[in-house]
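Hello,

Here is the structure I promised to pass on. Have a look at it first, and then read on for my notes.

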Amino acid sequence: MPYLSDRIELIRISPIRMIAALLDKARASRSIISFGGGAPSLPPPRELLEEIENLIREKPIKALGYCGTRGLPELRNLIAEDLKKYTGVEYDGEKEIMITDGSTEGIFLTFLSILNKNDEVILIDPTYLGYTEPIKLAGGRIVRIPAKVENGYQPDPEDLKNSVTKRTRAFVLLSPDNPTGRVISREFVKTLVDLAQEHDFWIIYDGAYQHIVYEGENTWPQSYPGAKEYTISVHTFSKEASIPGLRVGYVAAPKEVISAMEKLKQYTSLAPNTFAQYALLKFYENGVKERYLRDVVIPTYKSRRDLMGELIRKYLPEARTITPHGAFYFFVDIRPYLELMGRNDKEFASRLLYRKEVVVIPGSYFGSMGNGHVRMTFVSEPEERIKEGIERIWEFVFSYTI
Ligand SMILES: Cc1ncc(COP(=O)(O)O)c(C=O)c1O
């Protein structure tokens, strides 16, 4: 066989995607309880589904044709209006917004657009898995600052100050966070914006869970005076509209960044999913989005979150975690149990799956600060199965510790 590129050796397969593939195979088995991947388990808004049917029936040629590389202008303008509502910042739908194939593509294009060899990107540890490999592919280097359970998983602004160097090109901010569920503090964002302006680096804001907030309000970095021109804001419809399979997201950024991304996108996917974009116009009409979030998404997930939190406290009293104020996850420090069991978090997760058919994600996948933790999502399973899953975890731990 002819050889493959050296580039491929730079990156690893996403362990969460491996678990997702395993689960796909095991789907026939109803007994597997998944606290694994954060895929919404609710149907999308009815208006969106009706529009999907309507488009296929009434306008198949238009809906299934190509669109421009940046996406449909109508949708980009609606997104600009929507962002104004939440951030107070004016975006030009034509020049400063681009539709992407999920935010995964937005993240990939961002790093390819801004990084030169050995440029540094600061990540919080633990953090979402989707940043490290695109940074490596783009030639960048990763610097990490810790977030600890005892501080509510809030990173320390002093650590951020100390990690900035002449080579710092970007900082990635995720709020609400995956894997910890914390909403970033205003104090931290204020320090971040000041530093970005002083040292001239990008703030990459990942807003995957921007509206999935159970208490208080989210903090948007671009809302700070002067921050817009330093911020590349990456978003997705996967979580807030429950359509991860349609693969639609968007990026809001200064026009030079959008132009750079457009060039790259012409050679990766040519253009985003036209059909899904037409359907998404309905998401922004007549308050559909706000109603869906307020009446369906938030109450359903909040109630599952409350139940999972209560059960973790009851069945795993030595574990440490925070009540996530947003997103879909509990990030649980289970070191007291691991010590008794003589196992690490990866062994815990694989044996738990084998012995009790419960999926959790090892915390060490998210960075070294995640050693001895597991991430458990509460979106995939209804409440009775959340209860059963935690009881199975308890039985599993108990069988080792008596
Ligand atoms: C923080 C975060 N960013 C980005 C993504 C990617 O989502 P998508 O590519 O479906 O938009 C995910 C998916 O779980 C995520 O949790």
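A residue counts as buried if 20 or more other C-beta atoms lie within 10 Å of its own, as exposed if 12 or fewer do, and as partly exposed in between, with C-beta atoms placed from the backbone. Residues are numbered from 1 along each chain as its sequence is written. Please keep in mind that this is a predicted model: local features need pLDDT of at least 70, side-chain atom pairs count only at pLDDT 80 or more, and totals for chains, interfaces and linings use all residues.

Let's start with helix α14 (residues 345-356); helices here are DSSP runs of H or I with at least four residues, strands are E runs of at least two, and both are numbered from the N terminus. In α14, the buried residues are Asp345, Phe348, Ala349, Leu352, Leu353 and Lys356. They sit on the same side of α14, because they cover an arc of only 125° around the axis (the arc of the directions from the helix axis to the C-beta atoms). Tyr354 and Arg355 are exposed, on the face turned away from that buried side. Just after α14, Glu357 has a positive phi of about 55°.

Next, the domains, whose bounds come from an automatic or database domain assignment. Domain 1 is 7-44 + 289-401 and domain 2 is 65-288. Their C-alpha centres are 25 Å apart. Contact (C-beta atoms, placed from the backbone, within 7 Å) links 42 residues of domain 1 with 39 residues of domain 2. On the domain 1 side, α12 gives the most, with ten residues.

Best wishes

Conventions. Expected span 1.5 Å × (residues − 1). Contact = placed C-beta atoms within 7 Å.
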